[in-house]
Amino acid sequence: MLNRTTPRWRMLIACLLLALLAACSGTKKGGYYKDDGPEANPPSNLDKVPDAIPKIEPLASGANKPYNVFGRSYTPDVSGGPYKIQGRASWYGKKFHGNSTSNGERYDMYAMTAAHTTLPIPSYVRVTRVSNGKSIVLRINDRGPFHSDRVIDLSYVAAYKLGMLGPGSSEVIVERIMPDQIRNWQPQNSSTILAQESPATPQALPVAGVAVALSPSA
C-alpha cells in the first residue's frame, strides 16, 4: 500500500511493476493472444468447410531445414516415419490472417491447415479432440507453436470444427497420415480410416528415432 510519505521514485517503480504484471496477466486468453482471435464477422458457413484432402506432395525445401526460435533448435523430421502424440492444441486467427506461412503460402484462417514444429511441410494429420471425440484432417504448412505446452497450432476454422474456440486450447491426439494411407484415401470415409487402422489403446510410436508415448487425457 502506497502513502504520501513514500518516496516518489519508489512510487514510480511500484506503478511500473503493477503495469507489467497486469500486461503479463492479460497477454493470453485461453490459447491465443489478446490481440488475436476471430474476425468481427466470420463466415456463417464454417460448418461446411471440408477437411483437407491428403495428397502426395514434394517437400518444401526451405521449410524443412533445421531452425532456431527463442533460443531453441528444431529439426524437421523428413524421415517418413509415423507420428502420433497427445498434447495441447492452440489456434491462431486474424492476427496472422494473410501472412506468409513457413512454405511461402498465405495463412488462411478459414482453411483446414495447421502449424507444427517438426512435421514435414507439407504433410497431413488427423487431429482428434479428446474431450468430445471430434476429428478433422489438416494440412501442415507452417511452423509453430513455440510454447512448451503446445503440440500443434490450428487454423481458426479447424478450432471451430473441434469446438475449441472458446477455451482457446484443448487436449488432442495428433496423428500423421502416412503416404500409404494417402494413396488409398477415400474422402467419403475419411473420418473412419485412421480410426480403423489405429490401435485401440495408446502406444508409443517412433518419432524421428525417439519413442513418444501418449500422455493420459486431462
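Reader: Is phenylalanine 96 buried, partly exposed or exposed?

Author: The model is predicted. Phenylalanine 96 has a relative accessible area of 30%, so it is partly exposed. Its partner in an aromatic pair is tyrosine 92, with 5.6 Å from centre to centre and 70° between the planes, an edge-to-face arrangement. Tyrosine 92 is buried, at 7%.

Reader: How many aromatic pairs does a search of the whole structure find?

Author: Seven. One of them joins tyrosine 67 and phenylalanine 146: the planes meet at 75°, and an angle over 60 counts as edge-to-face. The ring centres are 6.2 Å apart.

Reader: Which parts does that pair tie together?

Author: Tyrosine 67 is in strand β3, while phenylalanine 146 is in the loop between β8 and β9, so the pair links parts 79 residues apart in sequence. Tyrosine 67 counts as buried at 16% relative accessibility, and phenylalanine 146 as partly exposed at 25%. Together with Tyr74, Tyr67 and Phe146 form one aromatic cluster.

Reader: What should I expect of phi and of peptide bonds?

Author: Most residues other than glycine have a negative phi, and most peptide bonds are trans. Here, phenylalanine 70 has a positive phi of about 55°. Phenylalanine 70 lies in the loop between β3 and β4 and is exposed, with a relative accessible area of 75%.

Reader: Where are cis peptide bonds found?

Author: One runs from isoleucine 121 to proline 122, with omega near -5°; proline 122 sits in the loop between β6 and β7. Another runs from glycine 144 to proline 145, with omega near -10°; proline 145 is in the loop between β8 and β9.

Methods. Residues are numbered from 1 along each chain as its sequence is written. This is a predicted model: local features need pLDDT of at least 70, side-chain atom pairs count only at pLDDT 80 or more; totals for chains, interfaces and linings use all residues. Side-chain values use heavy atoms; hydrogens and water are left out. Rings of Phe, Tyr and Trp (its six-membered ring) pair if their centres lie within 6.5 Å; planes under 30 degrees apart count as stacked, over 60 as edge-to-face and the rest as tilted. Helices (H or I, at least four residues) and strands (E, at least two) are DSSP runs, numbered from the N terminus. Buried means under 20% relative accessible area, exposed over 50%, partly exposed in between (1.4 Å probe, protein chains only).
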